[in-house]
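Subject: Structure for your files

Hello,

Please find the structure below. My notes on it follow.

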Amino acid sequence: MSDPSMPHTREQLFSVLDHLGIQTKTVEHPPAFTVADSTSIEIALPGAHTKNLFLKDDKGALFLVIANTETRVDLKALSKRLPAGRFSFGKPELLLEALGVTPGAVTAFAAINDTAQRVKIVFDQALMAAETINCHPLENTATTNIAREDLLRFIQTTGHDPHVMVLTAS
């Protein structure tokens, strides 16, 4: 039996995905801490690549924004659309506490560790145009390709209601 206070491992994540009947393809690579790192690594996977922003508003609400790497996220416009307070980036300690991952390994899959549903999950509308999406499997030494609909279904099974919205300025 796994300890509910401990974050899921990559193997546990894949077990959950398998149990849900979700097929993925994972490619190993050197650690990628930033979007710049990941673009310098040849990742042989189709689909859209993601960048992930762990945000906290000035009221203490937490958000995980999953965007296409090409999207220029306008945090001011996004805070108005949600609605939320003024955004700042969540500290590494809060990221580990809320999503069970460290900076550089932030991913949509981390929703599995937010058993208290503290974090609102927000997807980039531009990202949702892709049939498949590439995310880190809770660690930054691999990238996992998953069908868009399967990713959304996975997020819902974690108890989150994913929001899809425009993340750029209007």
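**Nonpolar cores**

The largest nonpolar core has 34 residues, and those touching the most other members are Leu99, Phe109, Phe123, Leu151 and Phe154. A nonpolar core here is a set of buried Ala, Val, Leu, Ile, Met, Phe, Trp, Tyr and Cys residues joined through side-chain atoms within 4.5 Å; buried means under 20% relative accessible area, exposed over 50%, and partly exposed in between, with a 1.4 Å probe and protein chains only. Two or more residues of this core come from each of helix H1 (10-19), S2, strand S3 (62-68), H4, strand S5 (119-124), S6 and helix H5 (148-157). Helices (H or I, at least four residues) and strands (E, at least two) are DSSP runs, numbered from the N terminus. Apart from this core lies another, of 13 residues, among them Ala67, Leu82, Ala84 and Phe87.

The model is predicted: local features need pLDDT of at least 70 and side-chain atom pairs count only at pLDDT 80 or more, while totals for chains, interfaces and linings use all residues. Residues are numbered from 1 along each chain as its sequence is written, and side-chain values use heavy atoms, with hydrogens and water left out.

Leucine 151 is in contact (heavy atoms within 4.5 Å) with Ala108, Phe109, Phe123, Ile133, Cys135 and Ile146, leaving aside its neighbours within four places in sequence.

In H1, the buried residues are Arg10, Leu13 and Leu17. Seen down the axis of H1, they fall within an arc of 60°, so they line one face of the helix; the arc is that of the directions from the helix axis to the C-beta atoms. Glu11, Asp18 and His19 are exposed on the other side of H1. The buried residues of H1 pack against strand S1 (24-28), strand S7 (142-147) and H5. Glycine 21, with a positive phi near 75°, follows H1.

In H4, the buried residues are Leu94, Leu95, Ala98 and Leu99. Their arc around the axis is only 105°, which puts them on the same side of H4. They are covered by elements including S2, S3 and S5. Glu93 and Glu97 are exposed on the face of H4 turned away from its buried side. Glycine 100, which follows H4, has a positive phi near 70°.

**Largest pocket**

The largest pocket has a volume of about 460 Å³. It is lined by 26 residues, with Phe33, Thr34, Asn52, Gly104 and Val106 nearest its centre. On a 1 Å grid over the protein atoms alone, a pocket is an open set of points where a 1.4 Å probe fits, with protein on both sides within 12 Å along at least five of seven lines; lining residues have an atom within 4 Å of a point. Volume is the space filled by probe spheres set on the points, which are joined across faces, edges and corners. S2 gives the most to the lining, with 6 residues.

**Loops**

The peptide bond from leucine 82 to proline 83 is cis, with omega near -20°. Proline 83 is in the loop between helix H3 (75-81) and strand S4 (87-89).

Arginine 118 lies in the loop between H4 and S5. Not counting residues up to four places away in sequence, arginine 118 touches Leu62, Leu94, Glu97 and Ala98.

Leucine 138, in the loop between S6 and S7, has a positive phi of about 75° although it is not a glycine.

Regards
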